[in-house]
Protein chains: 4
Amino acid sequence: MHFASDNAGPVHPAVMQALTDANDGYAMGYGADAVMDSVRARIRKVFEAPEAAVYLVATGTAANALLLATMANPWDTVFCSDCAHIHEDECNAPEFYTGGARLTLVPAPDGRMSPDALARAIGDGRSRSVHSAQRGPVSVTQVTEKGTVHSLAHLQALATVARDHGLATHLDGARFANAMVALGCTPAEMTWKAGIDAVSFGGTKNGLMAVEAAVIFDPALAWQFELRRKRGGHLFSKHRYLSAQMLAYLTDDLWTDMARSANAGAARLLDGLRRVPAVEVLHDPTANMIFARWPRALHQRLRTAGAVYYVSGDPDHGDPDEPLTARLVCDWSMTEARVDRFLALLTA
Amino acid sequence: MHFASDNAGPVHPAVMQALTDANDGYAMGYGADAVMDSVRARIRKVFEAPEAAVYLVATGTAANALLLATMANPWDTVFCSDCAHIHEDECNAPEFYTGGARLTLVPAPDGRMSPDALARAIGDGRSRSVHSAQRGPVSVTQVTEKGTVHSLAHLQALATVARDHGLATHLDGARFANAMVALGCTPAEMTWKAGIDAVSFGGTKNGLMAVEAAVIFDPALAWQFELRRKRGGHLFSKHRYLSAQMLAYLTDDLWTDMARSANAGAARLLDGLRRVPAVEVLHDPTANMIFARWPRALHQRLRTAGAVYYVSGDPDHGDPDEPLTARLVCDWSMTEARVDRFLALLTA
Amino acid sequence: MHFASDNAGPVHPAVMQALTDANDGYAMGYGADAVMDSVRARIRKVFEAPEAAVYLVATGTAANALLLATMANPWDTVFCSDCAHIHEDECNAPEFYTGGARLTLVPAPDGRMSPDALARAIGDGRSRSVHSAQRGPVSVTQVTEKGTVHSLAHLQALATVARDHGLATHLDGARFANAMVALGCTPAEMTWKAGIDAVSFGGTKNGLMAVEAAVIFDPALAWQFELRRKRGGHLFSKHRYLSAQMLAYLTDDLWTDMARSANAGAARLLDGLRRVPAVEVLHDPTANMIFARWPRALHQRLRTAGAVYYVSGDPDHGDPDEPLTARLVCDWSMTEARVDRFLALLTA
Amino acid sequence: MHFASDNAGPVHPAVMQALTDANDGYAMGYGADAVMDSVRARIRKVFEAPEAAVYLVATGTAANALLLATMANPWDTVFCSDCAHIHEDECNAPEFYTGGARLTLVPAPDGRMSPDALARAIGDGRSRSVHSAQRGPVSVTQVTEKGTVHSLAHLQALATVARDHGLATHLDGARFANAMVALGCTPAEMTWKAGIDAVSFGGTKNGLMAVEAAVIFDPALAWQFELRRKRGGHLFSKHRYLSAQMLAYLTDDLWTDMARSANAGAARLLDGLRRVPAVEVLHDPTANMIFARWPRALHQRLRTAGAVYYVSGDPDHGDPDEPLTARLVCDWSMTEARVDRFLALLTA
């Protein structure tokens, strides 16, 4: 009963097979492998973006920080939600890679900045003289860190606010596939058609071992990104093993199948949680991550029974009736049986 | 007949098997996997260094740059050979990760700085006032970028020069195992017993998919390294797959067996090359990498016949008799048959 | 009627004289001038800190950023008020000099963080794992950017919160003298006796041409600061002219006399403002800077009559009755006559 | 008898007067002072460059590092002589301001890179793949750090090499006026007419208190430079005092008069030195700085008699007959009498 994170789950067998298949003889390194040509073509096709620059890295933090560094000047501020991964969980990687840009945090109670809140943060009446951090790109996370999903209209509204101020928009798509499946849209619709300029296209949380694609719709930024990737130590010598994972991911709809499986697990879990009076579901989870509150005593019982998930607050000390906030994530390998077992425990 | 690089070769089947074995159910991410505990214990044992800090990253550039950043201040200069990988092949990663430290290049015709040359560079009579870059760590590559191997006495002499000036010493061990096998020594002898303070302990070039260990003998630097790794985007969420590779590497002498195989291939190749009058072998190759010179026309013939290796100089234009410098590297999977086929071509 | 800023005012004649006196023959550069020895001794005496490290720079941003860089790691976050100069007016200098640290903004409606708000920001229940920015120093501005002054007890409470979390405290004292005179305390009481570890001791806003002292009570940080200053291009070759200004400043109570004069101007102005029904004074101005609100139409009239000060909001468009927020600052050269002339205009 | 440095000398009285004159009432800060408008116009006129971006900073290191950061990417290498000030005397400021670019040192025995040596360093046959530092701007010092002066043809040849490789050229003109007077040319001839793209136009060493102008012939870089200056803490609040110095400098030929005076002092000194058999003059000094060698014993005698200048090597220990290398610099205030007194001592 492991709901801690979708990056705690296993790699899909088809991906493992692709790695084994790729492990044949010699291949030129550093992205010059033949498989990467296929990956590039596939991603461009999937995104309906024949000119897009496409690069692979192994971590989401690398993808985010390298893209933001490519999009922002060192004297800029990046606009993002106050719970953004780039703010909460990357140990100043954006500041490091941009050479000292900062983040302006936009309130986003359910993980989604409103276009108004974003507009206020960008253009709040203060002039941007030489004394101030200059306006830099907007970064939006989809699926958000609270488990919600921006509608296409919402994404478009945010990107429009950015563009109206002359700013570019980055999408942190660590759970890109889960959002896309939830929305029932195409990759293009969720990105450049909505005004997104560059995407961290996540694979690791959705069944890969360690691959994220950086997709930049303006190919003029390609060489700069390449140099930043190398300089960051993120260019792999045995690159074919990144390529092989990503190619398998995009073959035979594996990526959407895995996302559907993860989302289905979460939907089943959500349905069950909503039936439990002691449980309060937070926000509006529509992908594969759920935040909910239940009493400390219940948490302790679940933990003892072997359930694994994150809670905020002190799990061990305090009023047994005080609710803690739990985060539960389903990955592609989640099964109905495991969800049901957890729900049974919860209501036992 | 692929001699381009040991990082163009395949992953050892035992490592692939270990990845498959690790792909079972859930595991906590970010280095909290149980396998990492075994890796840490194993590396400490192998290095006879029970207190050493041990971390895994996926690229050699990451290992080098993160270690140098941990050892150097931004106002320091790092002393290294004028052909060091950190100078030639990392696109300013050391400058980036250290926050602006620089490199002082020490002449090293065969890849090995002499202790005298190092001492001159460090303490060349100029005072290090506030105007100058301050003295930072020494970085030594073993196997060197010219295919030579420092003797233990040589390593010790370099580290002694460093220590006499109050400086620490870093070992870039991208081909650590190849050097160790060539010297017939222990890991401890080639590192801390010789005065080395931190090691980039390479695995990728020697049969792994993408793992290097950073080994720091002073555990006081551990937490700083962890933060730098995360901030650089080099902390893997599905860390168990790094751990699994490294554990397999250090199990049943796989790592030394692979290095022996690579070195044996190179020795056979070297022996053959030395019998060819048109070939001039450079330096003193004792591990798995050989530099040699032969005429452009010969190179063109070899290339046409399918031999793959790097040459410096223009392979296509110029006097057919002019010698080009070729680099040939054998990886663990090199076979006698392939070496012989190449040698046969050469003398055809 | 110039109330725009205390850095728009002239240099005190005694300081100009000191510059002229210093302009005699040769003097060793880069801080090795004899006058700097006197400055160091004087500042140590004034601060009752015989071991303090003392350095001069020419801008407040340099003093702040260099001190924060000396106190914070690149992976840290600096805690400061949400209107701090380091946040609002230094164009990412702190991020630049620290190598990528960030700022955590603590709400401070009147410019003063409460100890509780600071404690919440520092220790808000979230663990500081490797994924998060680590806790770095606290930075407090005195006089605040809203014109208020922390009491000694308040400063002490903030520094205690910091120290309880193992953090150091920096004081941005761009208007140090104005605050000290307002509180009627000693430099030591307003700094190390209250728990402050390092001070940007401003002189420029209080009658100097361009000198700020960085005073660090822990001399172990001295050499690092020196290197950072040089590396930032802030070590002056003709350093004696910085020294001469600072020595004159601290001679015959010039610095406190000037601060008293500025504060007296502001007090007279405040007294007058409070008598005008159309004016709403904000916060509790006790030094030399006042924020107040009055209608747009009144502002336009004052501006036309030659009054110079900053307003936030659009001075030219909007409801004539809508209040704008004005900032008025008095420097050492402010006269009663000028204040009275402005007040007369206001009530005309 | 002070020959240590031209930055050890006094400020010209006319400059002091200009400071006093500027010290009148209020003036807007941060470069918005009216005097700066005159400075900008004057410099544009002097350089025959009506579109040039012109900014003032207070130190040569700031001017150099800010300009190089504006011209180079973080992944670039800057080409400069192996004795360049940016290499020897700025404590990694270029690396810091560029965000991690490096320097490639070009051999220059007399301080002047030859166009061939520069071309070899830039285009030495190695491809600049993603693994290598990319080619960045060329930086040339005029007067060089060895006291020599590039002819206009030489400057042009260097800038042509740069331009042929698509690179820009920076001129470190800390002693700009001394070189220009020595060459008898115009500012335009020594800069953009020779292919120079940006200049650190020094004033401090030539009689100012602390002002250097950054002159950028491509105005498209202006705003970026402004932001970098502010972010580096080099934008002065009481900016009028920088402006006033520079305006005085460029008024009534003060700047060329001072340079002529300094050069005349050095010429007289050189003439005398060449008559002393024990003295060996190095290089070809044609401006205001001379390197020469004489025995340790002679140095000790001169030092005891009160002569001040830098020597390299240990002045106190070693063979009395062994020659030390002395550096002697004349500033604008050098008198014939002082030169003659020194020469008399030397031959006593």
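Copies are superposed by least squares on the C-alpha atoms of residues with pLDDT of at least 70 in both. The model is predicted: local features need pLDDT of at least 70, side-chain atom pairs count only at pLDDT 80 or more, and totals for chains, interfaces and linings use all residues. Residues are numbered from 1 along each chain as written, chains are lettered from A in the order in which they are written, and side-chain values use heavy atoms, without hydrogens and water.

Chain A is superposed on chain C by a rotation of 180° with 0.0 Å of shift along its axis (RMSD 0.0 Å). That is the relation of a two-fold axis. A:Gly100 comes closest to the rotation axis of the residues of chain A, with its C-alpha at 2.4 Å.

Between chain A and chain C, 20 residues of chain A contact 20 residues of chain C (contact means heavy atoms within 4.5 Å). Of the interface residues of chain A, 100% are also interface residues in chain C, so the copies meet through the same surface. About 1,600 Å² is buried between chain A and chain C, and carbon and sulfur atoms give 34% of it. Buried area is the accessible area (1.4 Å probe) that two parts lose on being put together, summed over both. In chain A, the most area is lost to chain C by A:Cys91, A:Asn92 and A:Arg102, together 38% of what that side buries.

Two salt bridges cross the interface of chain A and chain C (a side-chain nitrogen of Lys or Arg within 4 Å of a carboxyl oxygen of Asp or Glu). A:Arg102 and C:Glu95 meet in a salt bridge through their side chains, at 2.8 Å from N to O. Polar contacts link 17 residue pairs across the interface of chain A and chain C, both residues at pLDDT 80 or more. A polar contact is a pair of N or O atoms within 3.5 Å; within protein, one must be able to donate a hydrogen and the other to accept it, and residues adjacent in sequence count only if both atoms are side-chain atoms.

Chain C also meets chain D. Here 52 residues of chain D contact 52 residues of chain C. Chain D and chain C bury about 4,200 Å² between them, with 60% on carbon and sulfur atoms. The polar contacts between chain D and chain C number 32 residue pairs, both residues at pLDDT 80 or more.
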